[in-house]
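Have the sequence and the 3D view ready.

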Amino acid sequence: MDNFLKIFNLIFVNIISNPEFFIGIIVFIGYLLIGKKVYEAFAGFLKAAIGFLILGVGSSGLVKNFSPILKGLDEKFSMSAIVIDPNFGYNAANQALNSIGLTASWSMISLLIGFSWNIVLVLLKKYTKINTLFITGHIMVKQAAVATWIVFMAIPELRNIFGALSVGVLIGTYWSVFSNLTLEATNNLAGGEAGFAVGHQQMLGVWIADKISARLGDKEKNIDDLKLPGCLNILSDNVVATGTMMLLFFGVILFAIGEPTLRVHDSSGFSGGIIFITYVVKKSLSFAVNLVVLMTGVRMFVSELVESFTGISEKLLKGAVPAVDCAVVFGYASQNTILFGFLLGALGQLVAIIGLLLFKSPLMIIPGFVPLFFDNATIAIFANKRGGIRAATIVSFFSGVIQILGSFIAVKLFVMESYGGWIGNFDWDTFWPIIGFVMKRFSSLGLIMCVLFMLIIPHITNKGKKEDLQKIEEENYV
């Protein structure tokens, strides 16, 4: 037994506790299982490991840049701040796990279990009524990390391997059930069998938009009839939009904190005689730089994970409908619709932020690009298809409001104020706070209740739709 414990401790300290090696080994084994040559598997190991190390560079940069702002807000206004963006949220979740002596490897275990559980649920689709496989890898990584923190925070006794397995079942059920919810919506959007589902962060939002929009407006009066300024097209570029938003929001916050306070908490930022306006621009844009670095790292290791996972799933599953990135639906809409959703969501967020300020909230919510653009543009596309411009206006605006107020509730509920970020997307501002509340109230029993509740959903939504489900399977059978 002593020798076994020594070996386990050696593996835990040198591999499991070092996420870059743990992820690399997962990729290496996955490539071997799908028949890749050893040198190809080794290349995948290197890309995955280096990608995670690059992510660490971007992550540490975000923490370093955000620290003086948090201190300045606390000193001058007795206020904390968080950015609602999956990249900030992922970074915050990892910091939170580190604060209790754990690493990102625990969320990787949860991810593996979650993906495997999704495969099992699809294999048993005759009984589960689930036909979608969530394969949006970069989303899975971030959601697994946040879900791991939520469970470990809500149920401290599950901060162990059994807890990681439980998180995997919880997040895997969410991926399976909620991507499955979007099947009817994507079919409506495509005007037939789309052959894909949405596997992202606003799956509940897509389902709601598809269900209510026809009652909110007239689909014949749609956004395509509007003429939007051509200058808004630059906001479709991720880097430009992120840089613009960081400059706008952080610029306002830095000016509000003031030069004297920031010189105390960030003296190195003023080195070389830099004046305040230069500091503000440089500091704001540095957030965009660190986000680009972080996303580059994520893409590197996620692309390897997805290839190894997808290869395995394709050998096991025939006829499963892939649940993919929400950006795929942009091909079913005009640029007008995409930008309209973005702008109305921004307006909703602005109204909610003003509301927090008027009520002297101790927590400032700073909008991030991903929820603002991808959530609201995606939801607007489905709303416009079913209910035209009126439905898209109402749904996108309230989506923006929910992103701010829901994030406020989630950050408080999940004790994230100290870590500077929250995932911020629609599902994580609506459904997941409910999940967290139930688990905090009922502990492990609450987790079981949440899983069982989600598993019941496909039976309710698919009632009377057996023929439609069978048709989807036949269309996608390979």
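Which helix does isoleucine 448 lie in? Isoleucine 448 is part of helix H16. Helices here are DSSP runs of H or I with at least four residues, strands are runs of E with at least two, and both are numbered from the N terminus.

A quick word on the ground rules: this is a predicted model, where local features need pLDDT of at least 70 and side-chain atom pairs count only at pLDDT 80 or more, while totals for chains, interfaces and linings use all residues. Residues are numbered from 1 along each chain as its sequence is written, and side-chain values use heavy atoms, with hydrogens and water left out.

Back to isoleucine 448: it counts as partly exposed because its relative accessibility is 47%. (Buried is under 20% relative accessible area, exposed is over 50%, and partly exposed is in between, using a 1.4 Å probe and protein chains only.)

Helix H16, residues 426–461, also holds aspartate 429. This aspartate is buried and has no salt bridge, meaning a side-chain nitrogen of Lys or Arg within 4 Å of a carboxyl oxygen of Asp or Glu. Leaving out residues up to four places away in sequence, aspartate 429 touches Ile402, Gln403, Gly406, Ser407, Trp422 and Gly424; contact means heavy atoms within 4.5 Å.

Here are two distances to look up:

| Pair | Separation |
|---|---|
| C-alpha atoms of isoleucine 448 and glycine 195 | 32 Å |

Along the chain, isoleucine 448 and glycine 195 are 253 residues apart.

Methods. Lys, Arg positive; Asp, Glu negative; His and termini not counted.
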